Amino acid sequence: MNFDEAEEQDGIRFAWNVWPSSRLEATRSLVVPLGCMYTPLRKNPNTPLVYYEPVFCKGPCRSVLNPFCNADIRGRLWVCPFCFQRNQFPPNYADISEQNLPAELLRPYTTIEYALAARAPVVPPVYLYVIDTCMSDEDLQALKDSLIMSLSLLPENAFVGLITFGSTIQVYELSFVDCPKSFVFRGNKDVTTKQISELLGFAASNKGQQAPQAPQMGMNSGVPTPVQSSGFLMPLSECEFTLTSILEELQRDPRPVPNDKRPLRGTGVAISVAIGLLEATFANNAGRIMVFTGGPCTEGPGMVVAEELKEPIRSHSDIVKDKAKYVTKAAKHYEALAKRSVGSGHVIDMYACSLDQVGMLEMRDLVKKTGGYSVLADGFDQPMFKSSFQRLFTRDQKGVLNQGFNATLDVVTSRELKVCGGIGHMASLNKAGPSVADTEIGMGGTSAWKICGVDPGSTYALYFEVVNQHTNPIPPEQTGLIQFLTHYQNSSGQRILRVTTVSRQWAQGSSETGPGPIPALASGFDQETAAVLMARIAVYKAENEESPDILRWIDRMLIRLVSKFADYRKDDPNSFRLAPNFSIYPQFMFHLRRSHFLQVFNSSPDETTFYRAIFNRENVTNSLIMIQPTLEAYSFAGPPVPVLLSATSVQPERILLLDTFFHIVVFYGDQIAGWRKAGYQDDPQHANLKQLLVAPKDDASLILKERFPYPRYIECDQHTSQARFLLATIDPNITHNSMGNTPGEVIFTDDVNLKVFMEHLKKLAVQP
């Protein structure tokens, strides 16, 4: 079974591509949950975009007409395969025939997009810049240059706004062109949406705290203009010069900062004001709040550390020992802000550039629940920020930004299945129904989620369970069906519905009368997707449970899986064999246990939060690179070759290229480094050495060119300090305790290596 083809066509990969036919068989046979990795906006040139309304089932499932429906062309009827409701074709389908079928009934088009007719005036997306001014002049200047550059990449009809913050929060009125004019809020006191509306002068008539309404549209303008915005949010084409001038003249926060104190920074209030501004003007329309911060919040709601420098910001150890006194309160504040932003359909991006922590841990819900981007770098003048920020504005072949806004994801299943939950950058819509399972994995108890921000790379883990009873056998010709409905708005304002309908075979047979469904299930096992689905659950647990418990859970699940699907004789570890489509799965689990996602040693809480946030939005391929990095070797022996992620791969006459997704490391062996330092590559007689030195850099540049966020690029020699980036990642199968003369690098660690890990796994798996 070709899993890549299914992902290419529908943007989906299942861990199990043959499903057990009953709950009993699923309980006995499945260890890895029945789940999939779904990329709703995956680019595929063969996906049709049609300009008519979708046909919905009138039954309770509300599914959309698809290739798996039983259509009666003569009777102008179709039967829903999910709830078996009989439906009439609409009048615009009067001309269909067996030779003239609409795209949604053709088997090749299991994924189709509908351009929906606008039921209200189209409002372009809003981009609200929220800028920290408590940073060095060099960082501020680099940030201003990037922001001014970004204005040229936005759609001309997009609305823009500007808020700056330090000890106070300033909301700029862009319609006032004579000089920069702003409304100032205190940084240590939160404000409600009602107060913001009254203070900014465009909702004085509101009585009481009301739900924000959609903007009123101007009647005489070609582009819809929210009358309520009063010049704080304006079309870029009308205010580009004013906004550029304000950014160019932007200065550091004028409040003096003593040497023993941190700057007063009201990040929590600034984000609250930004959310309130969009709630009052552009509720339930496409909007993006981009927060650029250079340090932690030190005053007001959302404060993560005190102003005095003598008090260090919290560490993992402080959190475990319950000594981080600001974490809980600050996290609740940002969680409440995230819920408000989700309610109004707006994305929040976090760009944190500082040598110290800025509070990404406390602010994680802002990104997780709204589907925003997060970038963590040392400074705004670093390529990690500059290149990442620029790639946010890439466009497709039609010139439309690769961004989706204000999306919802609905899942419909056939009667034999139910939805357990999802894990990813989204928020639950708490939609109960017949498709919702009692068992919850991740964000459960719903079959629909809100995704404020989505792009072609956004990937979500969805989990299901089989609920069919073993006393109710499924006919051999019947398949299991799942339909994904994704409503979203693109950057040009067009509302689109993307419908993906997939089917999989049921495993026939009973384990009571023979080998049961095990052989069929095993044939459809995708170990790569299974590893990522399990890793997502582990990361989700890691944010709520103690790390040792999670590692034990991973070990238990791995032992259960291999003991179920491996071939072996009881109590004979030497007889243990795994099929090819299971053989690499234990390696993935070994490296997952050692990864940044579960091991927090030598990482700050902000770094751990950043790593987990990126992992929870990437597809299977990129996620596997994070779990088990790739390693390539360059030598005079031939072209570059992939090598084991092992200490034995480190040789003095090799150059290694390590890709951990977050770091790209070019590692020179001792001998190669010595030749390079001696300058042999400049001698025409050693042109081959010059080519060898250039090859890994060229390959690294190709990775850097495509990767988001932009990874840290490192060049290092063997036995130097920065070699730790490679040595901390590879399998420590040669240590100071090892015996023998195995060539490679000695790793000074007490960690278990892969060989010992596999030996223990075999012993435990073959036990009766």
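Mentor: Accessibility first. Buried means under 20% relative accessible area, exposed means over 50%, and partly exposed is in between (1.4 Å probe, protein chains only). Also, this is a predicted model: local features need pLDDT of at least 70, side-chain atom pairs count only at pLDDT 80 or more, and totals for chains, interfaces and linings use all residues. Residues are numbered from 1 along each chain as its sequence is written, and side-chain values use heavy atoms, with hydrogens and water left out.

Trainee: OK. Is His 719 buried or exposed?

Mentor: Exposed, with a relative accessible area of 55%. His 719 sits in the loop between strand 30 and helix 19 (724-727). Helices (H or I, at least four residues) and strands (E, at least two) are DSSP runs, numbered from the N terminus.

Trainee: What is the phi of His 719?

Mentor: Near 70°, a positive value in a residue other than glycine. Most residues other than glycine have a negative phi. Arg 62 also has a positive phi, about 60°. Arg 62 lies in the loop between strand 4 (49-50) and strand 5 (70-72). At 44% relative accessibility, Arg 62 is partly exposed.

Trainee: Which peptide bond is cis?

Mentor: The one from Phe 708 to Pro 709, with omega near -5°. Pro 709 is in the loop between helix 18 (687-706) and strand 30 (712-717).

Trainee: Switching topic. How many disulfides are there?

Mentor: Zero, in a search of the whole structure. A disulfide here is a pair of cysteine sulfur atoms within 2.5 Å. The sulfur of Cys 61 is 3.5 Å from the closest cysteine sulfur, in Cys 80, so that is too far for a bond. Cys 61 is buried, at 17% relative accessible area.

Trainee: And what about Cys 134?

Mentor: Cys 134 is in no disulfide; its nearest cysteine sulfur, in Cys 297, is 10 Å away. Cys 134 is buried too, at 9%.

Trainee: Now helices. At what angle do helix 6 and helix 8 pack?

Mentor: About 15°, with axes 10 Å apart, for helix 6 (residues 267-282) and helix 8 (residues 327-344). Axes are lines fitted to C-alpha atoms, for helices over the stretch in contact, and angles run from 0 to 180 degrees between N-to-C directions. The two are therefore roughly parallel (angles under 35 degrees).

Trainee: Which residues meet there?

Mentor: Among them, Ile 271, Ile 275 and Phe 282 in helix 6, and Tyr 334, Leu 337 and Arg 340 in helix 8. Contact means heavy atoms within 4.5 Å.

Key
Parallel < 35°, antiparallel > 145°, perpendicular 65-115°, else oblique.
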